[in-house]
Amino acid sequence: MDTVFYISSAVAIISTIMVITRLHAVHALLYFIVSLLSAALIFYTLGAPFVASLEVIIYAGAIMVLFIFTIMMLNLGPQLKEQEKQWINVKMWTGPIILSLILIGEMVYMLSVNSGYPVGTVTVGPKQVGISLFTFYLLGVELASLLLLSGIIGAYHIGRRRTTDGHKDLES
Amino acid sequence: MMTPVPMGYGLIVAAVLFSLGLIGVIVRRNIVFILISIEILLNAAGLAFVVAGSRWGQPDGQVMFIFILTMAAVEVSVGLALVLQFYHFFKTLDADAARKLKG
């Protein structure tokens, strides 16, 4: 199990690096789907199979399809690539990247020296999650439903196509 | 073969993914990439919750991940509606194009 965890963690980190360095949005989304699938594998090795299936179904399924549909609707040209190329300049980011790597190395050292209790020894199945979700966290479920309702109304209101002018908060 | 994973390693993966998402939010100027990086941030936070829940063998971490998933779905739908409106108005996805706000 631990070998599966390490391999899928490496795949997740590498594919996330590829996500934030791609110039084309569709390529980045493909790598992000790989990152989410490897995160689902990490959840499975940690003894959380319900969350692993939710990660595949909702994150890699629904949310990524929403992104891809939006990018298809926008129908982007090649002009954005040139502008992004100026920002992703290796010379400009070398100093901050080296200093942040030192900090992240320190954090990895501290967490791995005192790495603590082993995880993933107990599998917490969907039944326990459901019981906890609908008894102890029932108020949270109600709040999440309110959030979803406001999200639907907000997305409908903002996404309406105005032909003459833009959004009322934006000035040209 | 079946040695369990120490808790610190899961937290390391979550922290590295979170900092990668933060770098993406700071560096990129394309709004779609900023939204994708916010998704990376939320996913890393959920991974930390699931690792911490798995440490005690309790379902609370997974419950929190389900809440994070709901919030991410709402955030993406509203954010992508904003992106569509933004592109319709400015004809670009550059976040710097929206520097002026009406007071």
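Student: How many helices and strands are there in chain B?
Tutor: In this predicted model, chain B has three helices and one strand, and along the sequence these elements follow the pattern β-α-α-α.

Student: Which is chain B, a compact globule or something more spread out than that?
Tutor: One compares the radius of gyration with the value that the globule rule gives for the number of residues. For chain B the radius of gyration is 17 Å, well over the 13 Å that the rule gives for 103 residues, so chain B is more spread out than a compact globule. Taken along the principal axes, the box filled by the C-alpha atoms of chain B is roughly 55 × 25 × 25 Å.

Student: What percentage of the residues of chain B count as buried?
Tutor: Of its 103 residues, 50% count as buried. As for contacts along chain B, among those with a separation of 6 or more, 49% are between residues 24 or more positions apart.

Student: How many residues of chain A are in contact with chain B, and how many of chain B take part?
Tutor: The contact involves 73 residues of chain A and 66 residues of chain B. On the chain A side, at least two residues each are supplied by several elements, including helix H1 (2–21), helix H5 (90–113) and strand E1 (118–119), while the largest share, eleven residues, comes from H3(A). Sorted by class, this side of chain A has 48 nonpolar, 20 polar and five charged residues.

Student: Which strand of chain B is joined to E1(A) by bridges?
Tutor: Two bridges join E1(A) to strand E1 of chain B, residues 5–6, and the two strands run antiparallel. Within this pairing, B:Val5 in E1(B) is the bridge partner of A:Val119.

Student: Where in chain B is confidence lowest, and where is it highest?
Tutor: Confidence is lowest in E1(B), at a mean pLDDT of 82, and highest in helix H2 of chain B, residues 31–56, at 92. Over the whole of chain B the mean pLDDT is 87, with 95% of the residues reaching 70 or more, and for the complex the predictor gives an ipTM of 0.89 and a pTM of 0.85.

Student: Why is A:Ile14 partly exposed?
Tutor: A residue counts as buried with 20 or more other C-beta atoms within 10 Å of its own, and as exposed with 12 or fewer. A:Ile14, which is found in helix H1 of chain A, is partly exposed because 14 other C-beta atoms lie within 10 Å. The C-alpha atom of A:Ile14 is separated by 38 Å from that of A:His157, 143 residues apart along the chain.

Terms used. Residues numbered from 1 in each chain as written. Chains lettered and ligands numbered in written order. Predicted model: local features only at pLDDT ≥ 70, side-chain atom pairs only at ≥ 80, totals over all residues. Contact = placed C-beta atoms within 7 Å. Helix = DSSP H or I, 4+ residues; strand = E, 2+ residues; numbered from the N terminus. Nonpolar A, V, L, I, M, F, W, Y, C, P; charged D, E, K, R; others polar. Pairing = 2+ DSSP bridges. Rg over C-alpha atoms; globule rule 2.2 N^0.38 Å. pLDDT = per-residue confidence, 0-100.
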